[in-house]
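Hi everyone, thanks for making time.

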Amino acid sequence: MQAVEPKPIPSRVRPFEKTQAPTPWYMKTLLKRDMAPTAEEYDRLIAALWQGDGPMDTLVEWMFEYGPGDAKALIEQAVVKGVGTIEDCPQPLLDFFETLETPPAWIDQELVEEGVRFIHGIGITAEYVLRDLALMGGYLLSGFNQSLVLTGALNKGAAKRIAETGKWWIDCTEPYGLTRYGVGFKSTIHVRMIHSLVRRNLAKKPQWDSSKWGLPLSQIDMVATYLGFSVVLLGGLRKLGVPVTPRESKAVMHLWAYACWIMGVEEKWLVQTEREGIVLLNHTYMTQSKPDDTSRELAQALAD
């Protein structure tokens with residue numbers, strides 16, 4: 001068997017030595033570990049920069065082979081009504097929905113709903129934190145910005161794109177929105193497909209420099225985004241004086257772990273506690289470049 005060549009380290013990634021800053025004693029006490037990644041954790045992060053969403057990427061390739069129009073109609077029927085309603089359902093479609101039809105055993109639907117109720121209870125405060133801290137702050141990570149700039153997703157027609165993301169967030173936080181036929185579940189599958197189409201398109205563009213950025217919308221980019229909706233949200237709420245109990249923290253983390261399982265984030269990256277999330281978020285920062293012109297461009301579009 002021929003050995004598989006290891007993927008190179010994208011140049012946007014900080015060298016391992018520069019990720020090993022000492023952890024302040026109070027953070028080490030809180031987290032019960034160093035914030036810096038181990039060598040093994042670092043290698044896993046680098047490998048994930050070359051990994052997309054295998055199941056959805058496979059389904060999208062089938063869609064283009066089958067005929068995009070007809071395949072998209074079948075996928076939509078499967079999302080809305082289930083694959084069981086499709087006569088002679090194509091095997092790739094069956095394979096994709098087989099896992100989605102039955103959630104993993106670790107998902108606690110009542111805990112998910114507790115997270116939903118908490119988010120409803122904090123009202124518009126959540127939107128301030130997500131817009132001004134999670135999203136605006138995220139633009140400082142220029143390695144993540146490239147897919148947004150090359151697609152024009154947030155620097156051209158930013159208001160429309162932000163509204164679309166907001167609609168998805170609202171769908172996910174509707175009561176029972178993430179159950180199999182809930183609005184959040186269906187919206188998440190649609191967004192997941194868009195991510196795969198963008199990944200397929202950008203990877204073929206000459207402007208996309210994989211030696212610098214890895215794979216477009218990689219697993220690590222998705223992980224960093226998902227932690228913005230959970231870890232960054234919870235931290236930002238506390239900064240604004242909103243109390244968060246341990247149970248509420250657990251519920252919010254569980255809610256977004258489930259939503260992002262539906263989104264195609266691999267289970268090994270889904271964390272159940274805020275403490276784990278803080279460490280993982282810090283690790284994802286180490287795969288990102290420093291702010292550049294894209295940070296300013298995207299931030300200005302959002303501010304406008």
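Some ground rules to start with. What you see is a predicted model, where local features need pLDDT of at least 70, side-chain atom pairs count only at pLDDT 80 or more, and totals for chains, interfaces and linings use all residues. Residues are numbered from 1 along each chain as its sequence is written, and side-chain values use heavy atoms, with hydrogens and water left out.

So, confidence. That's pLDDT, the predictor's own confidence in each residue, running from 0 to 100. The protein chain averages 92, and 97% of the residues score at least 70. Where is confidence lowest in the chain? That would be helix H8, residues 142–151, with a mean of 81, while H13 has the highest, at 98. By the way, when I say helix, I mean a DSSP run of H or I with at least four residues; strands are runs of E with at least two, and the numbering goes from the N terminus.

How is a pocket found?

H14 gives the most, with 6 residues. By type, the lining divides into 10 nonpolar, 5 polar and 4 charged residues. Here nonpolar covers Ala, Val, Leu, Ile, Met, Phe, Trp, Tyr, Cys and Pro, charged covers Asp, Glu, Lys and Arg, and polar is the others, Gly among them.

On to the rings. Two rings of Phe, Tyr or Trp (its six-membered ring) pair if their centres lie within 6.5 Å; planes under 30 degrees apart are stacked, over 60 edge-to-face, and the rest tilted. That rule gives 9 aromatic pairs. One of them is Trp208 with Trp213, a tilted pair at 5.0 Å centre to centre and 55° between the planes. Trp208 has 9% relative accessibility, so it counts as buried, and Trp213 is buried at 11%. Buried here means under 20% relative accessible area, exposed is over 50%, and partly exposed is in between, using a 1.4 Å probe and protein chains only.

And why is Phe229 with Trp256 called stacked? Because their ring centres are 5.2 Å apart and their planes sit at 25°. This pair links distant parts of the chain, with Phe229 in helix H12 and Trp256 in helix H13, 27 residues apart. Both Phe229 and Trp256 are buried, and together with Trp168 they form one aromatic cluster.

There are charges over rings too, meaning NZ of Lys or CZ of Arg within 6 Å of the ring centre and within 35 degrees of the ring normal. Arg200 lies over the face of Phe64, 3.9 Å from the ring centre. Arg44 does likewise over Trp269, at 4.7 Å.

In general, most residues other than glycine have a negative phi. Asp88, though, has a positive phi near 50°. It lies in the loop between helix H4 (68–81) and helix H5 (91–101), and Asp88 is exposed, with a relative accessible area of 70%. Tyr176 also has a positive phi, near 60°. You'll find Tyr176 in the loop between H9 and helix H10 (183–203), where it counts as partly exposed at 46% relative accessibility.
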